[in-house]
Amino acid sequence: MEHRSYTDNALSEWMKGHGPDSEIVISSRVRIARNLQTQPFPMLATNQQSEEVLNQITSALQNEELNTISNFDFIPLTELSELDKRVLVEKHLISPNLANESRNGAVILSENESVSIMVNEEDHLRIQCLCPGFQIKEAWDLASQIDDIFESQLEYAFDENRGYLTSCPTNVGTGIRASVMMHLPALVLTQQINRILSAITQVGLAVRGLYGEGSEALGNLFQISNQITLGQSEDEIIDNLYSVARQIIEHEKAAREKLLIESKPRIIDRVMRSYGILSHAGIMDSKEAAQRLSDVRLGIDLGIIHQVSTHIMNELMVMAQPGFLQKQSGEKLSAEDRDIRRAELIRERLSII
Amino acid sequence: MICQECGKRPATLHFTKIISGEKTEFHICEVCAREKGEMIPGTPNGFSIHNLLSGLLDFEPSAQSALGAKPQVTRCDNCGLTYTQFGKLGRFGCSECYKHFNARLDGLFRRVHGNTVHVGKIPKRSGGRIQDKREIENLKRELQNRIEQEEFESAAKIRDEIRELEKKLSGN
């Protein structure tokens with residue numbers, strides 16, 4: 001089946017590219033929410049209504065202009081096994097909400113997986129564009145271009161005063177959610193992160209991450225996104241996020257330099273220990289894996305580790321997740337089995353060099 | 001840190017609950033959190049953004065009705081969603097809900113976004129008129145600037161542009 005490549009490979013093609021500032025910004029993402037004028041939102045739609053939405057969007061897909069962007073594959077959710085859905089969630093190509101709750105849900109994926117269009121999620125249409133590194137403006141331009149193509153075919157729910165009408169009041173207006181995924185180990189190590197994160201929330205942005213103990217995010221990964229969608233233009237929203245993220249990048253760079261000057265032996269020790277453990281451990285839970293991979297990634301960026309590429313780190317970040325581990329081994333695994341399989345997989349990938 | 005529920009597994013989820021200034025901390029493992037159901041964001045019984053929104057919606061502008069304001073529409077006659085349901089679900093049922101509940105939405109949007117009016121992108125096919133109106137507003141601001149700076153010649157040009165656009169709008 002066509003969708004096989006999407007669920008077999010951990011790394012999307014777009015992730016293999018090297019974006020600007022990719023030693024700190026892992027990816028940039030823009031998602032826009034749109035609805036059709038005449039149909040109730042997916043939450044209230046009957047089976048027939050959501051099927052009509054699906055049909056309307058499918059026929060809009062035939063637009064030739066869309067083909068100039070990429071070839072797209074249309075995948076109804078019913079064609080996917082539970083595990084395949086989970087893998088697509090882990091690759092950020094679909095939301096857990098679409099995987100678990102949608103009626104007549106579908107995903108439309110571009111060949112390199114940088115564009116993922118969800119149908120009948122919380123809104124009728126959610127266009128998501130992902131770019132490697134710090135390319136939030138590029139991601140918005142692409143999303144807006146695809147939006148224009150759909151809009152030329154579909155009657156969107158739009159109001160002069162409220163803008164694009166969405167199911168949830170938190171998305172109304174522009175319907176845009178822009179985010180950058182940042183790896184900030186030096187700001188965490190130098191304990192500046194709390195101050196910076198609280199400053200971020202003061203300027204209408206939100207920080208998310210899987211939080212571990214204290215303020216430490218799992219694997220030192222932080223996702224920074226806009227909160228406000230009404231009363232600011234898309235360009236203002238993107239510029240605001242861009243300039244805040246730019247400043248964080250500079251702070252992280254400065255903190256890394258400071259670490260290298262003031263505590264080089266400690267940093268080398270930390271990085272090499274994590275590398276040693278990852279390449280030899282027999283059991284590895286997801287939290288430890290995230291932290292150790294973060295250390296090794298920092299080691300690569302600081303030139304302490306040369307034998308592993310960031311590319312492999314990106315791949316492991318996806319592969320070390322439960323859905324992927326189970327997909328790879330072809331069976332449902334208990335938590336302990338997953339920890340064993342995770343350790344094995346990381347050992348294999350790190351010794352490929 | 002060990003999970004305070006089972007006392008065996010390490011705690012991986014940490015929550016701080018603050019109610020009326022009283023702070024309570026929870027440290028539990030994923031297994032216990034799943035069993036309790038309520039702790040994991042995104043689970044059917046879990047806490048979600050929509051629960052938070054219904055909290056915001058509780059701020060009913062009841063003062064308005066006390067002052068004898070018009071009774072407000074409580075049901076969307078397109079999809080049938082009531083305002084109370086909207087409050088519970090935190091989500092609209094269809095695009096018409098925005099019209100039916102319009103009078104009550106400014107307060108909510110101000111709380112969520114700090115704003116009530118869209119200033120961003122406009123769909124091209126239906127937005128020509130809106131775009132013209134917005135352009136007129138921009139030009140009027142610009143006109144004001146020019147007048148303040150005593151640049152009367154360019155102000156006159158802008159005034160003509162505004163007239164032209166207004167004529168076009170009324171023609172439609």
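Visitor: What do the side chains of A:Asp147 and A:Arg34 meet in?
Guide: A salt bridge, at 3.0 Å from N to O; the term means a side-chain nitrogen of Lys or Arg within 4 Å of a carboxyl oxygen of Asp or Glu. The two sit 113 residues apart, A:Asp147 in helix 7 (residues 136-151) and A:Arg34 in strand 1 of chain A. Helices here are DSSP runs of H or I with at least four residues, strands are E runs of at least two, and both are numbered from the N terminus.

Visitor: Before I go on, where do these values come from?
Guide: This is a predicted model, where local features need pLDDT of at least 70 and side-chain atom pairs count only at pLDDT 80 or more, while totals for chains, interfaces and linings use all residues. Side-chain values use heavy atoms, leaving out hydrogens and water.

Visitor: Okay, how many salt bridges over all chains?
Guide: There are 33. One of them joins A:Arg246 and A:Asp21 at 3.2 Å, N to O. A:Arg246 is in helix 10 (residues 234-262) and A:Asp21 in the loop between helix 2 (13-16) and strand 1 (25-34) of chain A, so this pair ties together parts 225 residues apart in sequence.

Visitor: And is A:Asp21 buried or exposed?
Guide: Buried, at 16% relative accessibility, whereas A:Arg246 is partly exposed at 23%.

Note on methods:
Residues numbered from 1 in each chain as written. Chains lettered and ligands numbered in written order. Buried < 20%, exposed > 50% of the residue type's maximum accessible area, 1.4 Å probe, protein only.
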